[in-house]
Amino acid sequence: METNLSELVETRLNKPCVIVGPGPTMLDFPYKDFNGTIITIGDAALRGKNIFNPDFWVCSNSHFPVPDISYHLEIINSFKTTTFLFSETELYGLLWQKSDDYLKTNLKVNWVMFDERHFLGKKCNPNKKCCNLIRSRNNSFTIQELVSKVYKFDEVAKQGGTVFEYALCLALILGCNPIYIQGVDLPISVNNKKIDYFEIGDLGQEYLVRNELEDELKILYKKTFQDISKQSKRQIKVTFSSIINKFQYLIKKIFNLISKKKLTGFSGTINTILNNCEIYSKIAKENNIKIYNLSPNSTLKKVKNIDYLDPKNIKLHQQT
């Protein structure tokens, strides 16, 4: 069933939550002893499937998971108690054609769509396919605007550089406190350590491959690559050259995902990410909401109002 994002406002007021990314420290969190809300990004929901059950799965890309691909739909629907929250303007802004009837018929979980680019309802310049999806959700056009509206904050964050930002938006919209962040490293560049990483799509983030899932995920992403390649070729026949370049970019991204090619991290978008997180952290501080980064090597340590906390100290911290 579809839910409006505004219906989630303060539904977890003053309850703890953890935002989980599939970075190297993903499993360091004490999930068994945690009674709060679990929000996952990327493919962390899959990697943690036998460890925790996410309350929310936040996505903002056009390649995985895609409800319009049957085996992706099966994966989404397998998380029966998880709310699937995705950017419709990213998913349906280029390759895929949105069908409300299809989503309502086939998505068997609770789901929420959001816009992350059309501030004040303004169209892109030049006009793009995603502009056909602009709509007001209780006087808010984007998830960023809704956060600022809920907390009566004058500043609004820009379009993000990582899906993590929208997960943080969701945590604030829910009213969670404190907010823990686990497995979100946002590396600016690839380090020299010999760790098995791969890059996933528009996130640009490197993800640690857990050995027990590597083969399964490689098969999944390889099949996705093949299917999206076929879909892209069909679309290319009726698109302009500038759009073709975007399709080629998408295919290259998914190929990198399969081949686990080492690429740079967030060097191109890190300033936007940190500036946006600075805004969210100011909102949190003004409303006595604590945000803790639990990954020692995360670039989030650069954000003034997001404190580092060793996950081993969470129990002690919660009792004080």
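The model is predicted, with local features needing pLDDT of at least 70, side-chain atom pairs counting only at pLDDT 80 or more, and totals for chains, interfaces and linings using all residues. Residues are numbered from 1 along each chain as its sequence is written, and side-chain values use heavy atoms, with hydrogens and water left out.

Reader: How far apart are the end C-alpha atoms of helix α6?

Author: Helices (H or I, at least four residues) and strands (E, at least two) are DSSP runs, numbered from the N terminus. The expected span of a helix is 1.5 Å times one less than its number of residues, so the 12 residues of α6 (residues 163-174) should span 16 Å. In agreement with this, the end C-alpha atoms of α6 lie at a separation of 17 Å.

Reader: How many of the residues of α6 are buried?

Author: Buried means under 20% relative accessible area, exposed over 50%, and partly exposed in between (1.4 Å probe, protein chains only). The buried residues of α6 include F164, E165 and Y166. The helix is mostly covered, the number of buried residues being 12 of 12.

Reader: Which residue stands opposite M113 in β5?

Author: From strand β5 (residues 111-114), W111 and M113 point one way and V112 and F114 the other, and all are buried. Strands pair if DSSP finds at least two bridges between them; β5 and strand β4 (residues 83-87) do so in the parallel sense over four bridges. The residue opposite M113 is F86.

Reader: What separates K223 and D227 in helix α7?

Author: The side chains of K223 and D227 meet in a salt bridge (3.9 Å, N to O). K223 is partly exposed at 40% relative accessibility, and D227 is partly exposed at 23%. Being four residues apart in helix α7 (residues 211-236), they are separated by about one helical turn.

Reader: Why is the pair of F114 and Y166 described as tilted?

Author: Rings of Phe, Tyr and Trp (its six-membered ring) pair if their centres lie within 6.5 Å; planes under 30 degrees apart count as stacked, over 60 as edge-to-face and the rest as tilted. F114 is buried at 1% relative accessible area, and Y166 is buried at 2%. Their ring centres are 5.4 Å apart and their planes stand at 50°, so the pair is tilted.

Reader: How many residues apart in sequence are the parts that F114 and Y166 tie together?

Author: F114 lies in strand β5 and Y166 in helix α6. The pair therefore ties together parts whose separation in sequence is 52 residues.

Key:
Salt bridge = Lys/Arg side-chain N within 4 Å of Asp/Glu carboxyl O.
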